[in-house]
Amino acid sequence: MSHSNVEKGILRYGWWSRFNHWLIAICFVALTLSGLALFYPAFFGLTSLFGGPTATRIIHPFIGVFMCFFFVIQAVRFFKANLFRRHDVQWARQIRDVLSNRDDRLPPVGQNNAGQKLVYWVFLFSVPVLLVSGIIIWQPYFAMAMPRELLRWGAMIHAYVAFIAIITLVIHVYSAIWVKGSIRAMTRGRVSRAWAKHHHRLWYDEIVRGEKQGDDTRLPATSETTRKST
């Protein structure tokens, strides 16, 4: 599969999608590091990254609220693209072929495959739960007014859901590295037509037929569309 002519390929992610994605990613990494520093003594040294334990405790929830704002924008923007379809179920059933790189056996998928959609839905569940539970245990603004039992539940739920989100992020990053061209798509925005056709055939076909455009821009004219216009 050729990755040439990426600059003239399909715009998979526009500048805003990429900016929003990396902003959320940076915030989540900061939340992970600061959260681990506050949660477990072995990671206490990570507080030095944020100016000490007091500063870490102050900064952590504010980063969380800031990230949630941009996550809502991203979640709304990509909601339709992450609805599960029949071909996604078949793709998930053939997970052994996915892990074995037997792409020729996999059914064609749309803009996102079932794995990418699962990551979306895990975070769509996790982020609101982390926000609500985080507000409950947020000192000194809200925690002082909460019943002790609610604080215990809030802390436990926050820890468990954060663990799920962190594991999901690790899998997401590994998958992006594993599938050559994925990181380039989120840094440069564009993918080659061969890459789109190979990994997201249904999405590629929709673009060729003119039913969709690559994110927020138009495709360069193809030879087929040029012949039609002439």
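A nonpolar surface patch of about 490 Å² is formed by Ile58, Ile59, Phe62, Tyr141 and Phe142. Patches consist of residues with over 30% relative accessible area and no salt bridge, like charges being joined within 9 Å and nonpolar side chains (Val, Leu, Ile, Met, Phe, Trp, Tyr) within 5 Å. The model is predicted: local features need pLDDT of at least 70, side-chain atom pairs count only at pLDDT 80 or more, and totals for chains, interfaces and linings use all residues. Residues are numbered from 1 along each chain as its sequence is written, and side-chain values use heavy atoms, with hydrogens and water left out.

**Overall architecture**

- The secondary structure of the chain comes to ten helices and two strands; helices (H or I, at least four residues) and strands (E, at least two) are DSSP runs, numbered from the N terminus.
- Read from the N terminus, the elements follow the order β-α-α-α-α-α-α-α-β-α-α-α.
- The C-alpha trace spans about 70 × 35 × 30 Å along its principal axes.
- Of the 230 residues in the chain, 37% are buried, where buried means under 20% relative accessible area, exposed over 50%, and partly exposed in between (1.4 Å probe, protein chains only).
- The accessible surface of the chain is about 14300 Å², and 65% of this surface belongs to carbon and sulfur atoms; accessible areas come from the Shrake-Rupley method with a 1.4 Å probe, and for residues only the protein chains shown count as cover.
- Among contacts in the chain with a separation of 6 or more, 71% are between residues 24 or more positions apart; contact means heavy atoms within 4.5 Å.

**The surface patch**

- Phe62, one of the patch residues, lies in helix α2.
- Phe62 counts as partly exposed because its relative accessibility is 44%.

**Nonpolar cores**

- The largest nonpolar core has 32 residues, and Ile10, Met67 and Phe123 have the most contacts inside it. Such a core is a set of buried Ala, Val, Leu, Ile, Met, Phe, Trp, Tyr and Cys residues joined through side-chain atoms within 4.5 Å.
- At least two residues of this core come from each of α1 (15-39), α2 (53-77), α5 (114-136), α6 (148-178), α7 (182-187), α8 (193-199) and α9 (201-208).
- Not counting residues up to four places away in sequence, Met67 touches Ile24, Cys27, Phe28, Leu31 and Val127.
- A second, separate core has five residues, including Trp91, Val98, Leu106 and Ala114.

**Salt bridges**

- The structure holds five salt bridges, each a side-chain nitrogen of Lys or Arg within 4 Å of a carboxyl oxygen of Asp or Glu.
- Lys117 and Asp88 form one of them, at 2.5 Å from N to O. This pair links distant parts of the chain, with Lys117 in helix α5 and Asp88 in helix α3 (residues 86-93), 29 residues apart.
- Both partners are buried: Lys117 has 3% relative accessibility, and Asp88 has a relative accessible area of 0%.
- Asp97 and Arg102 meet at 2.7 Å, N to O, and a network of salt bridges links Asp97, Arg102 and Arg105.
- Asp97 is buried at 11% relative accessibility, whereas Arg102 is partly exposed at 28%.

**Helix α9**

- The buried residues of α9 are Trp203, Tyr204, Asp205 and Ile207, and they pack against β1 (10-11) and α8.
- Asp205 forms a salt bridge with Arg201 at 3.0 Å, N to O. Both residues lie in α9, four residues apart, about one turn of the helix.
- An α-helix has 3.6 residues a turn, so residues three or four places apart point the same way.
- Arg201 is partly exposed, at 34% relative accessibility.
- Gly210, which follows α9, has a positive phi near 85°.

**Loops and backbone geometry**

- Asn113 is found in the loop between α4 (95-99) and α5 and counts as buried because its relative accessibility is 16%.
- The side chain of Asn113 reaches the backbone nitrogen of Gly115 at 3.0 Å. Leaving aside neighbours within four places in sequence, Asn113 is in contact with Asp88, Trp91 and His200.
- Most residues other than glycine have a negative phi, and most peptide bonds are trans.
- Asn101 is not a glycine, yet has a positive phi of about 60°; Asn101 is also found in the loop between α4 and α5.
- The peptide bond from Gln139 to Pro140 is cis, with omega near 0°, and Pro140 lies in the loop between α5 and α6.

Conventions:
Polar contact = N/O pair within 3.5 Å; in protein donor to acceptor, adjacent residues only side chain to side chain.
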